[in-house]
Amino acid sequence: MMKTVTLSTLAALTMGFTGTASYADQHTAAGEAAWRGCRACHSITGPDGDVIQRGGRSGPNLYGLAGRAVASAEGFGYSDPIQTYAAGGAVWTEENFVAYVTNPTSFLRAELDDNSVRSAMSFQMRSGAEDMWAYLESIAPAEDSDDGDAEDDGDGDAEDDDSTETE
Ligand code: HEC
C-alpha cells in the first residue's frame with residue numbers, strides 16, 4: 001500500500017518536472033513568434049553585429065534586454081520620460097518589462113508619478129508579454145559561464161593544507 005503511494009507520487013513529481021521544462025520552451029517559442037509585433041521598430045543585434053532578428057531602427061536594439069539597464073542601448077536617442085525612469089538605476093526584469101510593454105505610457109506615468117508624460121513607444125502588447133520576456137531572456141549573453149566556477153579548486157584549498165601542516 002505505502003509503496004504504491006510513494007511510487008505514484010514520484011511518478012507524478014517526475015512528470016510535473018518534465019512538464020515544467022517544456023512549458024518554459026513553449027513560452028520562448030511563443031515569444032519568438034510574437035516578435036513580428038516588435039519588428040517594425042526593433043531589431044535584435046548581438047555584440048559582434050550578428051543580426052538575430054531583423055527589424056526597424058525607430059526603437060532600440062533589444063539584445064540582452066534581461067538584466068540590462070533601462071534606456072542603455074548604445075547609440076539610441078531615448079525620450080526624456082524613460083531616461084528619467086532609468087536615472088533611478090532601473091534594470092529590466094520580467095516584472096517591469098511586462099508592465100512596460102503592456103502599456104508604456106501608463107507604466108511611465110505610474111513610475112514617474114506624472115500623468116503628463118507620454119511614452120515614445122506607442123505600441124501596446126495586449127497579451128503574451130511573459131512569453132516575449134522568456135524569448136528575450138533566452139537570447140541574452142551567457143554571462144554565468146565565464147565566472148570561473150571551475151577554478152574553485154585552486155588557491156582556497158591550498159591554504160587549508162598549509163594550516164594543517166603547521167600544526
Ligand atoms: C511603433 C514602434 C514600436 C513597436 C512596434 C515596438 N516598440 Fe518598443 N520601443 C519603441 C521606441 C520608440 C522605444 C524607445 C522609447 C523611448 O525612448 O521612450 C521603445 C522601447 C522599448 C523598450 C525599452 C528598451 C530599453 O532599451 O530600455 C522595450 C523593452 C521595448 N521597446 C520592447 C518592445 C517589444 C517587446 C515590442 C514588441 C512586442 C515592441 N517594443 C514594439 C518603439 C516600438
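A residue is near a molecule or strand if its C-beta atom, placed from the backbone, lies within 6 Å of it. By that rule 27 residues surround the ligand, and the closest are Cys38, Cys41, Gly59, Ala120 and Met121.

This is a predicted model, in which local features need pLDDT of at least 70 and side-chain atom pairs count only at pLDDT 80 or more, while totals for chains, interfaces and linings use all residues. Residues are numbered from 1 along each chain as its sequence is written.

| Class | Shell residues |
|---|---|
| Nonpolar | 19 residues |
| Polar | 8 residues |

Helices are DSSP runs (H or I, at least four residues), numbered from the N terminus. Helix α3 (residues 94-102) gives the largest share of the shell, 3 residues.

In helix α4 (residues 104-112), Pro104, Phe107 and Leu108 are buried, meaning that 20 or more other C-beta atoms lie within 10 Å of their own, placed from the backbone. They sit on the same side of α4, because they cover an arc of only 95° around the axis, taken from the directions from the helix axis to the C-beta atoms. Just after α4, Asp113 takes a positive phi of about 55°.

Technical notes:
Helices (H or I, at least four residues) and strands (E, at least two) are DSSP runs, numbered from the N terminus. Ala, Val, Leu, Ile, Met, Phe, Trp, Tyr, Cys and Pro count as nonpolar, Asp, Glu, Lys and Arg as charged, and the others, Gly among them, as polar. A residue is buried if 20 or more other C-beta atoms lie within 10 Å of its own, exposed if 12 or fewer, and partly exposed in between; C-beta atoms are placed from the backbone.
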